[in-house]
Amino acid sequence: MEMETEERKALVLDAYDYKGAPADRAQTGGWVSAATILGIEVSERFTTMGIAVNLVTYLDNTMHQPSATSSTIVANFSGVSFLLCLLGGCVADSFLGRYWTIAIFAVIEALGACVLAISATLSHLRPPPCNPSVAIKCVKANNLQMGVFFLGLFAMALGIGGVKSSVSALGTDQFDQTDEKEKTQMEYFFNRFYFLINIGTILAVTLLVYIQDEVSRGVGYGICSAAMLMAVIVFLSRTRRYRYKKLTGSPLIQVIQVIVAAIQKRKLEFPSDLSLLYEDSSAKSKICRTDQFRWLDKATIRSDGDLGKNGSETPNPWRLSTVTRVEELKMMIRLLPIWATTIIFWCVHAQVITFSVQQAASMDRSIGKFHVPAASFSVFFIGATMITLALYDRMVMKKSRGSRGLTNLQKIGLGLAISVIAMAVAAAMEQKRLKVIRANRNTPTSTLPLTAFILIPQFAIVGIAEAFMYSGQLAFFISEAPKGMKAISNSLFLTTISFGYFVTTILVDLIKKITPGKDGGHGWLAPKINDSRLDYFYALISVLSFINLGLYLVCARWYKPNSRENAKDSDVNASHDEENPQDVSKS
């Protein structure tokens with residue numbers, strides 16, 4: 001008996017090795033395996049950010065796209081990347097598992113970067129060289145050239161979605177939370193997770209961007225592809241040492257099943273005794289029924305035909321759901337108002353890697369004899385985020401002596417408020433830039449006699465806002481989600497980033513149509529950034545953000561935090577079960 005107990009301690013019972021046998025604690029998992037997985041995420045961030053933050057200048061100066069079009073392409077790339085995390089999560093949970101999802105999609109991302117490197121290197125895949133800020137008209141990239149470019153770019157987006165959906169979750173799988181020693185190791189791992197991936201980001205927006213601007217884009221993109229392939233090789237080298245979890249199926253399917261069952265039974269009457277509604281959960285995980293969104297409760301009404309085929313006693317989940325599953329869906333629905341009112345922040349965030357970079361590209365970026373790449377100004381944004389998080393940890397969390405400091409909803413509200421200020425400051429800085437443009441209208445030059453470092457405040461303030469917004473959103477969506485739906489809740493969070501970029505695209509298209517320019521003049525978003533009125537555009541986003549802040553405050557006041565004991569487990573495993581993107585630019 002004692003021997004059996006020792007054997008059980010030597011195994012991790014809910015994890016398996018590469019052969020499918022119970023995982024040996026000493027031979028699998030742990031910090032080294034988790035660090036190897038972390039290497040994939042660091043390389044993904046290095047690759048994604050290295051390409052995304054400098055992409056708008058490549059589209060402007062090499063592919064000769066109009067200013068607004070360049071920003072739209074970058075915003076769409078970022079939005080699609082995060083939206084594909086939903087696809088990656090479903091594939092990992094239902095078909096491939098996390099390990100194979102990461103391996104396959106990381107290779108796809110590397111191949112996408114390789115196609116971009118080829119596109120940037122071969123002369124017939126680029127239009128003839130021309131300086132769009134000086135020349136009256138440059139030849140734009142043709143359909144073939146843009147087609148190859150988009151093939152590489154959106155192959156990268158597909159790869160990003162697959163990697164981000166699974167990498168931190170597989171890292172979590174390497175630790176047994178029932179073992180105190182391994183639980184401590186996991187906390188250490190995730191404490192370093194965010195720091196290390198930001199190191200990758202900083203290297204991308206400084207060293208890699210410099211190589212792209214001063215050596216060549218082809219070399220820079222080739223380094224990205226090589227970095228991803230090297231990370232994949234290292235990742236695969238420890239295949240025998242990882243711990244794996246069995247496929248559980250996508251929570252998204254469970255959500256659809258509840259809705260389908262409720263629609264099928266929409267005409268049925270509730271029983272007089274509501275305790276007769278179907279429930280098959282254990283007492284420990286059971287959730288009591290609530291009256292909100294009552295129409296969903298129809299899915300729990302028993303009726304003929306609910307049982308499976310061939311006399312099975314197991315209910316057909318497409319016809320009958322438990323009260324607990326219905327309540328889990330209700331909890332997700334309650335998150336939607338907060339979800340909707342956080343989208344606009346990521347529209348603000350999108351400006352940092354699009355129009356703000358274009359502004360910097362038109363200005364003097366010299367420090368002595370050194371010429372700072374325009375995309376490297378993102379380092380002020382990233383640095384502000386990291387410094388704010390560090391100061392908050394030291395000045396607020398440590399002084400609060402064990403209390404939580406600001407609540408997640410307060411953090412989100414603070415981030416939204418600061419983003420309003422950020423766009424107002426950006427509008428003011430753009431007015432200064434436009435004054436210099438008007439004063440030098442008759443002087444043909446590609447660089448304005450105005451230092452680009454006046455843009456630091458708008459980069460830094462958005463970075464400060466993100467420190468509160470990102471940490472608040474991530475913790476809120478995971479801690480307030482039902483235990484069985486934390487994966488889908490995290491995906492819901494990632495869609496706010498995605499939709500924020502898509503909102504930017506919609507805004508740009510609307511502004512171009514509404515303000516086309518009269519009598520030969522230019523609209524707010526002209527083909528050349530120096531002919532645009534970005535100050536108006538930034539001011540509009542500031543006003544929209546202010547209105548959204550009011551709506552958020554109403555929604556936050558309406559929201560009732562989940563008080564269920566089993567929904568409070570916002571421990572390290574819960575909060576890190578999914579990606580901690582600071583993403584694609586996140587990118």
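A: The account below begins with the aromatic pairs and then turns to the cores and other local contacts.

The model is predicted, so local features require pLDDT of at least 70 and side-chain atom pairs count only at pLDDT 80 or more, whereas totals for chains, interfaces and linings use all residues. Residues are numbered from 1 along each chain as its sequence is written, and side-chain values use heavy atoms, with hydrogens and water left out.

Rings of Phe, Tyr and Trp (its six-membered ring) pair if their centres lie within 6.5 Å; planes under 30 degrees apart are called stacked, over 60 edge-to-face, and the rest tilted. One of these pairs joins Phe77 and Phe154 in an edge-to-face arrangement, with 6.5 Å centre to centre and 80° between the planes. Phe77 belongs to helix 4 (residues 67–121) and Phe154 to helix 5 (residues 143–173), so the pair ties together parts that are 77 residues apart in sequence. Helices (H or I, at least four residues) and strands (E, at least two) are DSSP runs, numbered from the N terminus.

Phe77 is buried, at 0% relative accessibility, while Phe154 is partly exposed, at 29%. A further edge-to-face pair is formed by Tyr242 and Tyr244, with 6.4 Å centre to centre and 90° between the planes. Tyr242 is buried at 0%, and Tyr244 is buried at 14%.

Ring pairs also link Phe77 and Phe154 with Tyr58, Phe149, Phe150 and Tyr221 in a cluster. Contact here means heavy atoms within 4.5 Å. Leaving aside neighbours within four places in sequence, Leu55 is in contact with Phe77, Phe149 and Tyr221, as well as with Val74 and Leu153.

A nonpolar core is a set of buried Ala, Val, Leu, Ile, Met, Phe, Trp, Tyr and Cys residues joined through side-chain atoms within 4.5 Å. The largest such core has 118 residues, and Leu55, Phe149 and Phe537 have the most contacts inside it. Helix 13 (residues 408–439) gives the most to this core, with 12 residues. A second, separate core of 18 residues includes Tyr242, together with Val163, Leu170 and Val232.

Helix 5 also holds Leu151, which is exposed at 54% relative accessibility. Leu151 and Leu116 are 35 residues apart in sequence, yet their C-alpha atoms are 8.3 Å apart in space.

Thr47 lies in helix 2 (residues 30–52) and is buried, with a relative accessible area of 0%. A polar atom of the Thr47 side chain lies 3.2 Å from the backbone oxygen of Cys224. Beyond its neighbours within four places in sequence, Thr47 is in contact with Glu109, Ala113, Met156, Cys224, Ala227 and Met228.

Lastly, one aromatic ring is approached by charged side chains. A charge sits over a ring if NZ of Lys or CZ of Arg is within 6 Å of the ring centre and within 35 degrees of the ring normal. The charged end of Arg294 sits over the ring of Phe270, 4.4 Å from its centre, and Lys298 lies over the face of Phe270 at 5.1 Å from the ring centre.

Note on methods. Buried < 20%, exposed > 50% of the residue type's maximum accessible area, 1.4 Å probe, protein only. Polar contact = N/O pair within 3.5 Å; in protein donor to acceptor, adjacent residues only side chain to side chain.
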